[in-house]
Amino acid sequence: MKKTALVTGASSGIGREIAIELNRRGYDLIISARREDRLRELKEQLKGEVTVIPADLSDTEQCRELYRKASGRNVSVLVNNAGFGDIGQFSSTDLEKELKMIDVNCKAVHILTKLFLRDFQKRNRGYILNVASSAGLMAGGPMMASYYATKSYVVNMTCAVNEELRRARSRVQLSALCPGPVDTEFNDVAGCSFGVKSISPRICAVNAVDGLFAGKMIIVPEKLLGVGTVAARLLPKRALLFITGNIQHKKIK
Ligand SMILES: NC(=O)c1ccc[n+]([C@@H]2O[C@H](COP(=O)([O-])OP(=O)(O)OC[C@H]3O[C@@H](n4cnc5c(N)ncnc54)[C@H](OP(=O)(O)O)[C@@H]3O)[C@@H](O)[C@H]2O)c1
């Protein structure tokens, strides 16, 4: 039987490119997102068996339904990529949008990681790539407080479970992808613009897939940013918040 990968948020940006890269490496695919037309258009470009499963991952029941539909199809790679951000002062940003963000960025990742991990552990094989962000490696993100917090959740959960698996000598691999700015539809959805140079989703995706199969716990696709995030950890929290706050203010359109 051919190996299969499930990619969420495959209708655009990083998820779309990760799906293309996995397909190039011989994987059949299950692609998911809300915009079914985009998924069908992507399917036309891919080889092998490609299944489209539209789902709104802000809805817990649809997360479980996606798992039910995908399990039993020999999934050995799960990419939890769907996610979005929002910018503004915490006191004035939209509460409903943020609650949906927490549902998609954290709850859906949590549900799908746990359900697929159980299957992967039974087979003692499988890869899970959780798309976090360099935001998740920082002390917090003034003007994007909720988004940074959701990505910290993803990084910390992923690293902790990675350590559980290492101690159990499991062959299941769990990685967190932590890119800086990537040129996707992210800014349109978040209502911001990058203050610094971005990389292409293609470069991000190739680095992500390489890092996942190489067994990296945290994958930072840009070398310079990788050095920056290590250096950032040495700074006092207040200093790091000040620097991040300055960068974030430049993102406001
Ligand atoms: N771009 C960056 O600079 C950057 C940097 C670091 C991390 N990231 C992370 O990378 C991931 C992908 O983002 P991107 O940059 O590629 O942005 P994007 O082009 O806007 O893609 C986001 C994807 O998430 C899906 N999605 C959003 N809400 C969803 C929902 N409720 N249910 C199901 N799918 C949903 C979207 O599909 P539909 O709209 O069709 O549902 C789309 O496919 C996100 O987790 C993001 O936080 C991005």
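Which helices each supply at least two residues of the shell around the ligand? Select helix 1 (13-24) and helix 5 (145-167): those are the ones. Helices here are DSSP runs of H or I with at least four residues, strands are E runs of at least two, and both are numbered from the N terminus.

Before you click on, remember that this is a predicted model, where local features need pLDDT of at least 70, side-chain atom pairs count only at pLDDT 80 or more, and totals for chains, interfaces and linings use all residues. Residues are numbered from 1 along each chain as its sequence is written, and side-chain values use heavy atoms, with hydrogens and water left out.

Now show the ligand's surroundings. You'll find 30 residues there, with Ser11, Ser12, Arg34, Tyr147 and Thr184 the closest (a heavy atom within 4 Å counts as near). By class, that shell has 15 nonpolar, 10 polar and 5 charged residues.

Next, pick out polar contacts (N or O pairs within 3.5 Å). The side chain of arginine 34 puts an N or O atom 2.7 Å from a ligand oxygen. A polar backbone atom of asparagine 81 sits 2.8 Å from an oxygen atom of the ligand.

Zoom out to the sheet: 7 strands, open, parallel, in the order 3-2-1-4-5-6-7. Strands pair if DSSP finds at least two bridges between them. Strand 3 (50-54) and strand 7 (218-219) are at the edges with a single partner strand each, so one side of each has no neighbour in the sheet.

Finish on strand 5 (residues 126-131) and strand 6 (residues 172-177), which run parallel and are joined by 6 bridges. Select leucine 129, and its bridge partner in strand 6 is serine 175.

Terms used
Polar contact = N/O pair within 3.5 Å; in protein donor to acceptor, adjacent residues only side chain to side chain. Nonpolar A, V, L, I, M, F, W, Y, C, P; charged D, E, K, R; others polar.
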